[in-house]
Amino acid sequence: MTHRLFRRSATMPGIRLSSEDQVVVDAFRVMLAAPRTPERWTPGSAQDVAVRVGAHIERARIRPGDDLGPDVIAVALVHPDTPHAAAYAHRYTRRGWLRCETAAILDLWRPAYNALTHAAAGLDLPVDVGMPAAHYGVDIQAHPSGVTVLRLGPYNQTWHTSRDTDRLTAELEGQTAVIAPGFTVTATSAAFDFGDRESYRDPYRTDLKLLLASALAEARM
């Protein structure tokens, strides 16, 4: 008797689901099927991707210009469209850019994955999302030789890189003629080369103006 009280007539054999229940069931079936029928991600597609973070699946936005792989790209975790967006969005964006191995990409992002995110479950992202920060650098080159005379890094955020690139560009325009006559010097943002860490100088613990003057003087020699 008690068992019958808790059974919903809409789910009894021979009884058709209500239209509301059918929508829920269909959405659940789509969610379950999504991981089994992935859409292959290809470099250069510029589309959001699905990546696994712990037991959940999260939406990741590829950094423009960093989507050509083939092994590692830079991504930012972004909040999916869920009812918890207002409360959880900032917990995603504060992670910044992350290094994502392309082999870890499960699929192109699809709305069916919304229900599988931490946000949908009302959970915070874990401290370790399995992807280290995407580091960047600034390369300073002397022309016409094109030799890189100074490398700064690592930077954890691309806006830090852009800030110092703009700052150095402004300084170079006014000082190159004095520091290194005959040279044209440019500063550009670039990916941090983890295989050549020794050639970088820490941008946070040095006087960039003095460091630049020294580097250009050595380049002239």
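Which residue in β7 does Val138 stand opposite? Val138 faces Leu152 there. The structure is a predicted model, in which local features need pLDDT of at least 70, side-chain atom pairs count only at pLDDT 80 or more, and totals for chains, interfaces and linings use all residues. Residues are numbered from 1 along each chain as its sequence is written, and side-chain values use heavy atoms, with hydrogens and water left out.

Strands are DSSP runs of E with at least two residues, numbered from the N terminus. Two strands pair if DSSP finds at least two bridges between them. Strands β6 (residues 136-143) and β7 (residues 147-155) run antiparallel and are joined by 6 bridges. They form a hairpin with 3 residues between them. In the turn, Gly146 has a positive phi of about 75°.

Strand β7 also pairs with β9 (residues 200-201). Here the strands run parallel, with 2 bridges. Arg151 stands opposite Tyr200 in β9.

A nonpolar core is a set of buried (under 20% relative accessible area, 1.4 Å probe, protein chains only) Ala, Val, Leu, Ile, Met, Phe, Trp, Tyr and Cys residues joined through side-chain atoms within 4.5 Å. The largest such core has 18 residues. Val49, Val51, Val75, Leu77 and Met131 touch the most other members. Strands β1 (49-53), β2 (56-62), β3 (72-78), β4 (98-101) and β5 (105-108) each supply at least two residues of this core. A second, separate core of 16 residues includes Val149, Leu150, Leu212 and Leu216.

Conventions:
Helix = DSSP H or I, 4+ residues; strand = E, 2+ residues; numbered from the N terminus. Buried < 20%, exposed > 50% of the residue type's maximum accessible area, 1.4 Å probe, protein only.
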